[in-house]
Amino acid sequence: MPKMQIWNKAMECMPREEMEALQLRKLKKILHYVYDRSDIYKKKFDGIGFKPDDLKSLQDLSKLPLTIKDDFRDGYPFGMFVVPMEQVVRLHASSGTTGKLTVVGCTKNDMENWTEVLARMITMTGVNSSDVTQIAFGYGLFTGAHGLQYGMERVGATVIPISGGNSEKQLMVMKDFGTTALVCTPTYALHLAEVAMKLGIDPRTDLKVKVGLFGGEAFSEEYRQEIQNRWGMLATDNYGLSELGGPGFSGECELICGQHIAEDHYFVEILDTETLQPVAPGEKGEVVITSLSREAVPVIRYRTKDISSLNYEPCDCGRTTARLSKITGRSDDMMVIRGVNVFPSQIESVLVKMEELAPHYQIILYKKGFLDDLEIRVELSEEAFTDNYGKLEAIEHKLKQQLYKTLSMNPKVRLVEPFSIERSPGKAIRVIDNRDK
Ligand SMILES: [Zn+2]
């Protein structure tokens, strides 16, 4: 394997003790910064009698209250901002389920740091100045497309800011402009591969895409494999939340062994989902993030609701930054069906492994009498599609067996025709909750 490039060796390969000392210095500074500027944080700190100088170690941070999405909503639109608008050069927002936007802003320094962490993340995937990148995330208020564009331009790659949707045009541009890197949601990558095949384009041989940088939604290892098989590309995952400045927080290197965190800009804790106390190193829990450098909207102890764990071992790529393991679900997404905890990602991992099925599915929750129940609708693959009832029954039986092994329950399954589940250019709608209807 050729030597892997590292964008910022000083920060990405720093010895562990030095990184922790740097984080502690930055943490002390940011606590003073928010305490002096934000009524919301001052109130939170005062409420437990905490002064910024009380922070003596990284562990002391766990004494402070958590920040949640409602803090952004309650302060809509600019309540979480701690600088005057003259210093803000950019606004971004994400839409929540309740309709109100979660608004964040960037100062000039925030924009610079954002670009820097993305340049690192992009370099990790093997992308460099010889690449042509197609950004098929939707532009607009969403942070994803913009952030990736800045990072790509910083490393010198050629950017095609095509935005989301219009798959046939995407494929034409991809072919004619010689796209080598693709940025979008994993769902859209798979959808594009399907459209390509329908148009008689085999992504593996007729296109030059060799790497994908996927974000915006979590995907299973099996789903990654499916994308890699169909495209003949390396499919990398990255993670970020708009409340914390969007993408750039963490991403996978070419070795695909957890996501390297930009630890000089973010401090991460993993908390037990019940007690909200820190778990032992390496254990799973809810990811809680503190921004260490953000000026316009600094965030202390933000509850992501995502479940993961941290690995502090240095990576074979040469980086020493802590790695976030695959997100295995959101505590929000967890469904409790007749006392059994079920994550959509568990169901996905079963479906994607069966070659008789296409990786397009929906989980429908409904009430059966007073009890919650779930039905899984999944498309048959084009090869397996048949009107032979016996064959269909055999597929259904196999699927039920596999689901039982993973979930310890027997959900209803319904096999549907290829291409009958609606495709979305952004996040796929996986779970439909009809329980209140
Ligand atoms: Zn690595």
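Guide: Let us begin with Glu254, which sits in the loop between β8 and β9, and please keep in mind throughout that this is a predicted model.

Visitor: Which residues is Glu254 in contact with, apart from its neighbours in sequence?

Guide: If we leave aside the neighbours within four places in sequence, Glu254 is in contact with Met4, Met124, Thr125, Gly126 and Leu234.

Visitor: And how far is Glu254 from Ala428?

Guide: The two are 174 residues apart in sequence, and in space their C-alpha atoms are 26 Å apart.

Visitor: Back to that loop, what about Ile256?

Guide: Ile256 is also placed in the loop between β8 and β9, and its phi is near 50°, which is a positive value in a residue other than glycine. With a relative accessibility of 24%, Ile256 counts as partly exposed.

Visitor: Where else is there a positive phi in a residue that is not a glycine?

Guide: Lys305 has one, with a phi of about 70°; this residue belongs to strand β12, which covers residues 302-308, and at 26% relative accessibility Lys305 is partly exposed.

Visitor: New topic: which atoms hold the zinc ion?

Guide: The zinc ion is coordinated by the SG atoms of Cys253, Cys315 and Cys317 together with the NE2 atom of His260, at 2.2 to 2.3 Å. Along the sequence these donor residues follow the spacing C-x6-H-x54-C-x1-C, and both Cys315 and Cys317 are buried.

Visitor: Why is the arrangement around the zinc ion called tetrahedral?

Guide: The four donor atoms subtend angles of 100 to 117° at the zinc ion, so the arrangement counts as tetrahedral, since the rule asks for all angles to lie between 85 and 135 degrees. For comparison, the ideal angle for four tetrahedral donors is 109.5 degrees.

Visitor: How many cavities does a search of the whole structure find?

Guide: There are two cavities of 30 Å³ or more, and the largest cavity holds about 100 Å³ of space.

Visitor: What lines the largest cavity?

Guide: Its lining consists of Asp110, Asn113, Trp114, Val117, Gly245, His265, Tyr266, Ser293 and Arg294. Helix α5, residues 108-124, gives the largest share of this lining with four residues, and by type the lining divides into three nonpolar, four polar and two charged residues.

Visitor: And what is the second largest cavity like?

Guide: The second largest cavity has a volume of about 70 Å³ and is lined by 13 residues, of which Arg120, Met124, His260, Ile261 and Ala262 lie nearest its centre. At least two lining residues come from each of α5, β8 and β9, and the lining divides into six nonpolar, five polar and two charged residues. You have met two of these names already, as His260 is one of the residues that coordinate the zinc ion and Met124 is among the contacts of Glu254.

Visitor: Last one, where is the cis peptide bond that involves Pro77?

Guide: The bond from Tyr76 to Pro77 is cis, with omega near 0°, and Pro77 lies in the loop between α4 and β1.

How values were computed: Residues are numbered from 1 along each chain as its sequence is written. This is a predicted model: local features need pLDDT of at least 70, side-chain atom pairs count only at pLDDT 80 or more; totals for chains, interfaces and linings use all residues. Side-chain values use heavy atoms; hydrogens and water are left out. On a 1 Å grid over the protein atoms alone, a cavity is a set of points where a 1.4 Å probe fits but cannot get out, and a pocket is an open set with protein on both sides within 12 Å along at least five of seven lines; lining residues have an atom within 4 Å of a point. Grid points are joined across faces, edges and corners, and a volume is the space filled by probe spheres set on the points. Ala, Val, Leu, Ile, Met, Phe, Trp, Tyr, Cys and Pro count as nonpolar, Asp, Glu, Lys and Arg as charged, and the others, Gly among them, as polar. Donors are N, O and S atoms within 2.8 Å of the metal (3.2 Å for Na, K and Ca); water is not among the atoms, so sites may look incomplete. Four donors count as tetrahedral if all angles lie between 85 and 135 degrees; four count as square planar and six as octahedral if opposite donors are over 155 degrees apart and all others between 65 and 115; anything else is irregular. Buried means under 20% relative accessible area, exposed over 50%, partly exposed in between (1.4 Å probe, protein chains only). Contact means heavy atoms within 4.5 Å.
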